[in-house]
Amino acid sequence: RNISSPPTVLYYRGKLINLNHYLCVAMVGTRKVTYYGKECAYSLAKELSGMGVAIVSGLALGIDAKSHEGALSGIAPTVAIIGCGVDIAYPLANSKLMDNIIQKGMVMSEYPLGARPEKYHFPERNRIISGVCQGTLVVEADYKSGSLITAKCALEQDRDVFAVPGNI
């Protein structure tokens, strides 16, 4: 509701989670993740979730997936905001992860059931990822990436942006 172009409607699968009851942190990063990046995203998400912070990401390969996995090991919910209908697992390699999120958290999209993953959907959904969160943590982002689009959206929405650009 508080972003410049809010979605008209949001669809969800899983548990209906009132994100207003949580401190929410978006975790985004590269798909071409290093071993260190995987470990960092997983452990940060697990620790934050263990402190009651809801982790929000985009279910992409790499940092997004590791962030969701880490959050699933914690206590607070994880939320995947995707660029297709909530009835479509994309990428297909993360279908089991999506099922786990649906069991313990929530998958959301502004696109209706059956909406295929289109290239332009992903930059559009990034405004929602940052918009439902108080802060965005970027882990190992490529120079021209959706992760930096999310970080830019967060800054435009007057949210905090944090980064793990390399070895801590």
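Among contacts (heavy atoms within 4.5 Å) between residues at least 6 apart in sequence, 78% join residues at least 24 apart.

The model is predicted, so to speak, under set limits: local features need pLDDT of at least 70, side-chain atom pairs count only at pLDDT 80 or more, and totals for chains, interfaces and linings use all residues. Residues are numbered from 1 along each chain as its sequence is written, and side-chain values use heavy atoms, without hydrogens and water.The chain has five helices and seven strands. Both are DSSP runs, numbered from the N terminus: helices are H or I with at least four residues, strands are E with at least two. The order along the sequence is β-β-α-β-α-β-α-β-α-β-α-β.

Of the 168 residues, 50% count as buried, meaning under 20% relative accessible area with a 1.4 Å probe, protein chains only. The largest nonpolar core holds 16 residues. Such a core is a set of buried Ala, Val, Leu, Ile, Met, Phe, Trp, Tyr and Cys residues joined through side-chain atoms within 4.5 Å.

Strand 2 supplies the largest share, three residues. C24, V56, V79, I81 and I129 have the most contacts inside the core. Leaving out residues up to four places away in sequence, V56 touches partners including C24, V79, I81 and I129.

What size of box do the C-alpha atoms fill? Along the principal axes, roughly 40 × 30 × 30 Å.
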